[in-house]
Amino acid sequence: MAPRVLVSDKLSPTAVQIFKDRGVEVDYLPDLGKDKEKLLEVISQYDGLAIRSATKVTEKLINAATRLKVIGRAGIGVDNVDIPAASRKGIIVMNTPFGNSITTAEHAVAMIFALARQIPEANASTHAGKWEKNRFMGVEITGKTLGVIGCGNIGSIVATRGVGLKMHVVAFDPFLSDKRAEELGVDKVELDELFARADFITLHTPLTDKTRNIIDAGAIAKMKNGVRIINCARGGLVVEADLIAALKSGKVAGAGIDVFEVEPAEQNPLFGMENVVATPHLGASTAEAQENVALQVAEQMSDYLIKGAVSNAINMPSITAEEAPRLKPFVKLAEVLGAFVGQVTEDPIKEVEILFDGSTATMNTRALISAALAGLIRPQVADVNMVSAPIMVKERGIIVAEVKRDKSGVFDGYIKLTVKTEHMTRSIAGTCFSDGKPRFIQIKGINLDAEVGQHMLYTTNADAPGIIGLLGTVCGENGVNIANFQLGRNRPGGDAIALLYLDAPFPEKVLEQVRAHTSIDSAKRLQFDVGGV
Ligand SMILES: NC(=O)c1ccc[n+]([C@@H]2O[C@H](COP(=O)([O-])OP(=O)(O)OC[C@H]3O[C@@H](n4cnc5c(N)ncnc54)[C@H](O)[C@@H]3O)[C@@H](O)[C@H]2O)c1
Ligand SMILES: O=C(O)[C@H](O)COP(=O)(O)O
């Protein structure tokens, strides 16, 4: 039986043609994504779902999608898809990471000009026959400072366009290397310096826990008077209420907003404000970009549904059908090792070494390295996948070294990840047992045997009495059940660690209480995607 795909958002007709040519049955219902109930009713009939940003793929929808094997996002952001829920159900989520980058960068540049010269307002006034030549006094772009927050694919295109417009470009991105900044012709700065220097600020980060509300009243207070702010990335990066207050006071002279806290944004207090240029999430909407992403998503989804080939998947490695069964648990292991280090390392990472010992050295280590790197940078780049992770790591100037060696210890094989930042070196090793589940076997050179869970708490502490009691009591008092509790130390009375596998997230509000204890050096909540293990 031919696989069946539903296209539930507006996609170029190219996608439908490709599905048909490849032998995939396709239903093109571009308004269905907005009708949650109807979508819920029909989703069980499909093997694939092709979407843009309008379709919200919730856990409820995924649970109803009994046949679904692949979700294809014709675009970049997958924040409208519940990826852990899809992973748990073994559904691949793929995107098209580069197809609309230029187009979106151009939209941000268009916003810069629209704000500088009040083009939308002047246009409306002129169409109304008012000829208000004295009302619209603009500002020049040349010589102004453009602040780019998030200098990845889109941000770096905006940055180079800014340089071309004779602007001074300053960029803040924890993953931007000095070399890359030099290549782009931008000054790499800290966020506060960007706020202090920029005349125009443009956002190009994903929406993550770290970037949510990155522009709030406190941030705006650090900006120049008369700054102009552009958001063509994601609603939620800017606190709309704080922006409105600053637009009213004149602190912010103008805002170009393509994405909103709630979408579709049919009502929003920003609407009607004279110094706001608003577009309805049009960043990716050009004929060229839509052709790129439609073609790419239809090819990727057809290849997977017909041949089992995986590319540009967010939650699945690109591996062949033959090697898949043996490799799969080790791919997950590499990813959780990377995710551990990515979550506990605050400083920019300069070097990564991935050591494959024993049996792991004979596997597809390229896939395993990609998985480790994807896990490592996912806390900063939410939409990274195994295909894009190595490129992104390279662009950020992180040196990656692979070491293979014969079996050297009691384990048949294991993987050890070591990262270096300017100030420290951190390592973690793990293996898979016969149950196919990843285990952490060494952290900071300290041996342990820890099962990996979705929610974990990691502490570095003194090897002193009372640690088990402290952490056990705090978890108990907050109703968090401990599934597994591992301790390790380098020597009696020396450095020690604790790793707790919890049935629920450790409450953020009591982390400070734990950190305040004299025997605790650091405490971190960790999260791992253990779906499919
Ligand atoms: N408006 C639209 O229609 C439209 C179109 C395409 C993409 N987007 C959105 O644009 C955003 C950027 O896309 P991209 O392809 O450039 O992504 P990308 O992953 O290539 O780049 C994102 C960059 O943000 C950086 N970053 C992460 N956390 C940061 C932080 N706390 N502070 C500063 N920088 C941080 C990352 O290091 C990375 O370099 C995404 O949210 C995407 O969904 C919007
Ligand atoms: O992340 C993206 O690719 C953009 O937000 C584009 O969204 P759209 O496909 O709904 O226009």
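Reader: Which residues touch the most other members of the largest nonpolar core?

Author: A nonpolar core is a set of buried Ala, Val, Leu, Ile, Met, Phe, Trp, Tyr and Cys residues joined through C-beta atoms within 7 Å. Buried means that 20 or more other C-beta atoms lie within 10 Å of the residue's own; 12 or fewer means exposed, in between means partly exposed, and C-beta atoms are placed from the backbone. The largest core has 105 residues, and those touching the most other members are Ala15, Ala50, Val93, Leu337, Ala372 and Ile415.

Reader: What kind of model is this?

Author: Residues are numbered from 1 along each chain as its sequence is written, while chains are lettered from A and ligands numbered from 1 in the order in which they are written. Local features need pLDDT of at least 70, side-chain atom pairs count only at pLDDT 80 or more, and totals for chains, interfaces and linings use all residues, as this model is predicted.

Reader: Is Ala294 buried or exposed?

Author: Ala294 is found in helix H12; helices are DSSP runs of H or I with at least four residues, strands are E runs of at least two, and both are numbered from the N terminus. Ala294 touches Leu11, Ser12, Thr14, Ala15 and Ala74, again leaving out residues up to four places away in sequence. Because 27 other C-beta atoms lie within 10 Å, Ala294 is buried.

Reader: How far apart in space are Ala294 and Arg73?

Author: In sequence, 221 residues separate Ala294 and Arg73. In space, C-alpha to C-alpha, the two are apart by 9.1 Å.

Reader: Which helix gives the most to the shell around ligand 1?

Author: A residue is near a molecule or strand if its C-beta atom, placed from the backbone, lies within 6 Å of it. Ligand 1 is surrounded by 34 residues, and the closest are Gly77, Gly150, Gly152, Ile154 and Gly283. Two elements give two or more residues to this shell: helix H5 (101-117) and helix H7 (153-164). With three residues, the one that gives the most is H7.

Reader: How many residues around ligand 1 are charged?

Author: Ala, Val, Leu, Ile, Met, Phe, Trp, Tyr, Cys and Pro count as nonpolar; Asp, Glu, Lys and Arg as charged; the others, Gly among them, as polar. The shell holds 14 nonpolar and 15 polar residues, and the charged ones number five.

Reader: Which domains each give at least three residues to the shell around ligand 1?

Author: Domain bounds come from an automatic or database domain assignment. That assignment gives domain 1 (2-94 + 286-305), domain 2 (99-276), domain 3 (316-451) and domain 4 (453-526). The shell draws at least three residues from each of domain 2 and domain 3.

Reader: How many residues around ligand 2 are polar?

Author: Ligand 2 is surrounded by Arg52, Ser53, Gly75, Ile76, Gly77, Asn100, His281, Gly283, Ala284 and Ser285. Two of the shell residues are nonpolar and one is charged, while the polar ones number seven.

Reader: What is the bridge partner of Ile229 in E11?

Author: Strands pair if DSSP finds at least two bridges between them. Strand E10 (residues 227-231) and E11 run parallel, joined by five bridges. E11 is mostly covered, with six of its six residues buried. There, Ile229 has as its bridge partner Ala255.

Reader: Which residue takes a positive phi in the hairpin of E20 and E21?

Author: Strand E20 (residues 482-489) and strand E21 (residues 495-502) pair in the antiparallel sense over seven bridges. Arg489 has Ala496 as its bridge partner in E21. The hairpin has five residues between the strands, and the positive phi, near 80°, belongs to Gly493.

Reader: Is Gln118 buried or exposed?

Author: Gln118 is found in the loop between H5 and helix H6 (119-127). Its phi is near 50°, a positive value in a residue other than glycine. With 21 other C-beta atoms within 10 Å, Gln118 is buried.

Reader: Is Glu274 buried or exposed?

Author: Glu274 lies in the loop between strand E11 (252-257) and strand E12 (276-278). Pro264 lies in the loop between E11 and E12 too, and the peptide bond to it from Glu263 is cis. Glu274 has 9 other C-beta atoms within 10 Å, so it is exposed.

Terms used:
Two residues are in contact if their C-beta atoms, placed from the backbone, lie within 7 Å.
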